[in-house]
Amino acid sequence: MQNGKVTVKVPASTANLGPGFDTLGMAFQLYTTISFEAADETIIRLHGSQLEGIATDKTNLIYKVAADLFEQAGLSVPELIIDIDSDVPLTRGLGSSASAIVGALVAANELAGKPFTTDELFSMATAREGHPDNVGASLFGGIIVALMDEDDVPYVRLPVPEHLGALVVIPDFMLSTSKSRDVLPSMYSRHDVVHTSSHTGVLVAALATGQLGLLKSAMKDVLHQPYRVPLVPGLEAIIEDATKYGALGAALSGAGPTIIALVDQRNSTAKLEAFMVNALAEQGIACTVMNLIPDTQGVQVEACLSGVTR
Ligand code: HSE
């Protein structure tokens, strides 16, 4: 059972979409591919240009998550040859760590003979990440709305509205999630709580019913973005004015520093792109731009056992 080889392809994701803090996630066709093969000795090989600095010993996150799954299944932890290839920029707010956790859990679960259900893997991934938004999107694809209950992670997976796409600007610096969470207050006024619940409610309903004209208002946020503005120069201007250049709405992607504008894929994004790149350039920040298409499949498994694809 643990002698085979398995390869999984995991989508990147954005989280929050404005007010849906730790609640909303959406997957993108931007992938991390992870292969596990049982071996005599653990070897971790990194491919592509995005993985610089990642540990290649047993402190590697993917190895640790896999080892924990085998232990939780009551199995001995195998030595593994692990190949990781990723197009997802690290520590930028596009769910790279969530992709790694989801990929490790799903690949290890396959090698272990599937002791855990997908929903159990979701709970394990959420416990590891601390919030369900990115891991839910990477696991299930599409748009995920989830909450953390005492020992459960109830969720709803929404289909992606037709023609919805995203333009992201990825600043040329890293921002750790913990640094970006440390700036948030621990108490909020009733005004901010009501603002957040009403905007999140309308945002989810708008996405569920494809009423994309509501995103401009519904993506407004007072819970986390205003506190993160000092960490991401240019964010305030982009959130304020992106809709004037054709965005349906704009937000910080996850904990940042990537900024996401939701767009109608049928329209040109040239003016919006110029505006967003310039808003960062005015603050002295270079960036990479990506047009992203939502992923609707979630993690995909390609398992090869004894040379037999199943
Ligand atoms: N919801 C999280 C945050 C996403 O905004 O801090 C971080 O991955």
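A: In this predicted model, 12 residue pairs are in polar contact across the interface of domain 1 and domain 2, both residues of each pair being at pLDDT 80 or more. On the side of domain 1 that touches domain 2, strand S1 (5-16), S2 and S5 each supply at least two residues. The largest share of that side comes from S2, with 7 residues.

The count of salt bridges between domain 1 and domain 2 is 1. A salt bridge is formed by Asp22 and Arg181, whose closest N and O atoms are 2.7 Å apart.

The domain assignment places residues 5-158 together with 295-305 in domain 1, and residues 164-292 in domain 2. Between the C-alpha centres of domain 1 and domain 2 the distance is 25 Å. Contacts involve 24 residues of domain 1 and 38 residues of domain 2. The size of an interface is often given as the accessible area lost when the parts come together. For domain 1 and domain 2 the buried area is about 2300 Å², and carbon and sulfur atoms give 71% of that area. Of the area that domain 1 buries against domain 2, 30% is supplied by Pro19, Phe21 and Arg92, more than by any other three residues.

Two of the strands named above also pair with each other. Strand S2 covers residues 20-39 and pairs with S5 in the antiparallel sense, over 3 bridges. In this pairing Leu24 stands opposite Val145 of S5. S5 is also joined to strand S6 (residues 155-158), by 4 bridges and again antiparallel. There Val145 stands opposite Val156 in S6. Strand S5 itself spans residues 143-146 and is covered on both faces. Ile143 and Val145 are buried on one side, and Ile144 and Ala146 are buried on the other.

Helix H4 (residues 133-140) contains Ser138. Ser138 counts as buried because its relative accessibility is 0%. Apart from neighbours within four places in sequence, the residues in contact with Ser138 are Val10, Pro11, Ser13, Ala98, Ser99, Val102, Gly298 and Val299.

To return to the request, the contacts across the boundary include 12 residue pairs in polar contact and the salt bridge of Asp22 with Arg181, while carbon and sulfur atoms give 71% of the buried area.

Methods: Residues numbered from 1 in each chain as written. Predicted model: local features only at pLDDT ≥ 70, side-chain atom pairs only at ≥ 80, totals over all residues. Heavy atoms only, no water. Buried < 20%, exposed > 50% of the residue type's maximum accessible area, 1.4 Å probe, protein only. Contact = heavy atoms within 4.5 Å. Pairing = 2+ DSSP bridges. Domains from an automatic or database assignment. Buried area = accessible area lost by both parts, 1.4 Å probe. Salt bridge = Lys/Arg side-chain N within 4 Å of Asp/Glu carboxyl O. Polar contact = N/O pair within 3.5 Å; in protein donor to acceptor, adjacent residues only side chain to side chain.
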